[in-house]
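Good morning, colleagues. I would like to take you through one model today, with its helix packing and its sheets as the topics.

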Amino acid sequence: MSDPMNVLAPEHRRLRIGDAWRDAASGATFAVEDPATGKTIAEVADAGIADGLAALDMASGAMAQWAATPPRKRSELLTATYRALTGRSEEIARLITLEMGKPLAEARAEVAYGAEFFRWFAEEAVRVEGRYSIAPAGGYRILTVPKPVGPCVFVTPWNFPLAMGARKIAPALAAGCTTITKPAAQTPLTMLLLARIMEEAGVPPGVVNVVTTKRAGEVVSALLADSRTRKLSFTGSTEVGRVLLRQAADNVLRTSMELGGNAALIVCADADLDVALDGAMVAKMRNIGESCIAANRIYVEEPVREEFTARFAERMGALSVGHGLDDGVDVGALIDAASVTKIEELVADAVDRGARVLVGGERPDGPGHFYPPTVVVDVPGDARLLRAEIFGPVAPIISFTSDDEVLAKANDTEHGLVGYVFTRDLQRALRFTEGLETGMLGINRGLISDPSAPFGGVKQSGIGREGSHEGILEYLDVTYAAIDLP
């Protein structure tokens with residue numbers, strides 16, 4: 001097995017600021033571990049406030065020139081990044097698995113998904129348009145001119161260390177904005193590698209800056225307090241999102257927030273159960289369940305509850321658990337010990353309240369942060385398992401007897417990111433589409449993420465959309481000019 005760390009040279013495990021790879025001003029570093037073994041795989045620079053502001057200096061200084069770069073040139077640089085990512089898919093995927101834990105097959109899929117954002121927004125870069133029209137009352141003309149919002153601060157999560165950065169950086173660069181990315185401390189290596197790849201692709205210095213740190217709160221706060229920052233995009237928990245929104249309010253920053261989820265997956269009695277089982281497995285177990293769009297609550301209509309539950313539990317129990325780089329592994333390690341402990345507590349709370357575990361439910365012995373695929377039934381409505389974002393391979397199954405009942409239960413949450421419905425009745429599908437309080441919905445499919453579609457939620461699951469044409473609009477301001485023309 002080749003060493004995945006060979007893809008990122010030691011000199012590129014530092015801060016990417018302007019045209020340089022530099023140590024933190026303090027000289028501090030922090031360790032990155034392999035979650036499957038608990039062993040340190042690298043040391044990276046631990047930035048402080050001075051380093052964050054140095055990155056903002058560079059992003060601000062590069063802003064005017066990058067905004068003036070012809071859209072076709074920006075498009076070509078994004079296309080070059082796309083080609084580099086797809087051409088180096090295997091080595092990037094191995095690095096993702098090493099620092100995040102997901103199985104290699106899923107890491108390969110993430111590289112393909114993340115790369116697609118660069119291709120999509122390379123195409124969008126040359127299609128940013130304003131409009132010219134006659135004022136309805138006559139006498140003058142209306143001209144609208146889209147402009148990049150300015151330097152952007154991105155705070156990205158650990159669960160998709162390439163794709164979540166790509167989903168923000170690609171549209172920002174397409175629109176003409178410069179960027180500073182603060183990746184999650186658990187998975188900084190992939191973002192540093194992306195910055196290196198973009199450097200090699202020819203993206204000018206100062207356009208893509210990466211600041212790794214264990215002191216995220218103080219560094220991000222300093223960036224948001226600086227008037228040169230014009231946009232914040234964050235993917236992560238609703239709790240942290242609320243804090244960042246309060247901080248962004250002081251300078252009235254443009255914000256995009258992709259926050260927590262508590263997705264309901266609904267299996268109707270008229271569904272094709274083979275399709276529903278396939279969809280439920282994807283919606284629950286993609287990325288080991290460590291996804292904001294993972295199925296958190298599975299509602300099954302009573303006539304098919306017994307059959308669906310038995311077949312679903314059988315498939316969950318057949319999944320293999322192990323190091324993501326090993327052959328044949330379906331379920332890798334969770335990100336850290338705290339994640340395993342949280343899941344253990346959620347399952348224990350449900351069992352204490354009367355739930356039953358059909359499959360899994362016990363942390364295995366040995367090193368690494370593993371938890372087996374788990375199915376829990378007879379889960380009472382007051383169990384924390386139905387309220388918290390599980391973020392792991394645990395599936396609670398709850399029965400229902402009517403559409404009104406399941407809609408009420410599905411919507412009984414502060415979150416509104418995504419839902420899933422399996423039915424062969426078109427009218428029923430449309431009723432759920434209109435009735436579920438979510439920003440996204442999968443009808444007879446468990447995978448909804450697509451760079452060409454608008455990703456985002458309602459209620460406390462976020463603000464704004466990523467991907468699709470809407471994604472580039474998040475990085476554009478509009479100037480309106482009234483032109484006198486009798």
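Predicted model: local features only at pLDDT ≥ 70, side-chain atom pairs only at ≥ 80, totals over all residues.

Let me begin with a definition: angles under 35 degrees count as roughly parallel, over 145 as roughly antiparallel, 65 to 115 as roughly perpendicular, and the rest as oblique. Axes are lines fitted to C-alpha atoms, for helices over the stretch in contact, and angles run from 0 to 180 degrees between N-to-C directions. Helices (H or I, at least four residues) and strands (E, at least two) are DSSP runs, numbered from the N terminus.

Residues are numbered from 1 along each chain as its sequence is written, and side-chain values use heavy atoms, with hydrogens and water left out.

How do the axes of helix α9 and helix α10 cross? Helix α9, residues 273-285, and helix α10, residues 302-317, have axes that come within 10 Å and cross at roughly 50 degrees. The two helices are therefore oblique to each other. The crossing of α9 with α10 is right-handed; a crossing is called left-handed if the near helix is turned anticlockwise from the far one by less than a right angle, and right-handed if clockwise. Contact here means heavy atoms within 4.5 Å. On the α9 side, the contact residues include L273, L277 and M281, and on the α10 side they include V304, F308 and F312. By class, this contact has 10 nonpolar, no polar and 6 charged residues. In that classification, Ala, Val, Leu, Ile, Met, Phe, Trp, Tyr, Cys and Pro count as nonpolar, Asp, Glu, Lys and Arg as charged, and the others, Gly among them, as polar.

The next pair is helix α3 (residues 89-100) and helix α4 (residues 104-124), whose axes come within 8 Å and cross at roughly 120 degrees. These helices are therefore oblique to each other, and their crossing is right-handed. Among the residues that meet are I92, A93 and I96 in α3, and L104, A107 and V111 in α4. The contact of α3 with α4 divides into 6 nonpolar, 2 polar and 4 charged residues.

The last pair is α5 (residues 163-175) and α6 (residues 189-201), with axes that come within 11 Å and cross at roughly 30 degrees. That angle makes α5 roughly parallel to α6. This crossing, too, is right-handed. G165, I169 and L173 of α5 make the contact with M191, L194 and M198 of α6. The classes are 5 nonpolar, 1 polar and no charged residues.

I now move to the sheets. Strands of a sheet pair through backbone hydrogen bonds, either parallel or antiparallel. Two strands are taken to pair if DSSP finds at least two bridges between them.

Strand β12 (residues 263-267) runs parallel to strand β17 (residues 418-422), and 4 bridges join them. Within that pair, A264 stands opposite G419 in β17.

Another open sheet has 3 strands in the order β5-β6-β20, and here the pairing is antiparallel. Its edge strands are β5 (131-134) and β20 (476-484), and the twist averages 20 degrees from one strand to the next. β5 and β6 are joined by 4 bridges, with Y132 opposite L143 in β6. In their hairpin, which has 5 residues between the strands, G138 takes a positive phi near 80 degrees. Strand β6 (residues 140-148) pairs with β20 over 9 bridges; there, K147 has D477 as its bridge partner, and P146 stands opposite V478.

I close with salt bridges, each defined as a side-chain nitrogen of Lys or Arg within 4 Å of a carboxyl oxygen of Asp or Glu. By this rule there are 33 salt bridges. One of them joins D46 and R215, at 3.7 Å from N to O. D46 lies in the loop between β4 (40-45) and α1 (49-68), and R215 in the loop between β9 (208-210) and α7 (216-225), so the pair ties together parts that are 169 residues apart in sequence.
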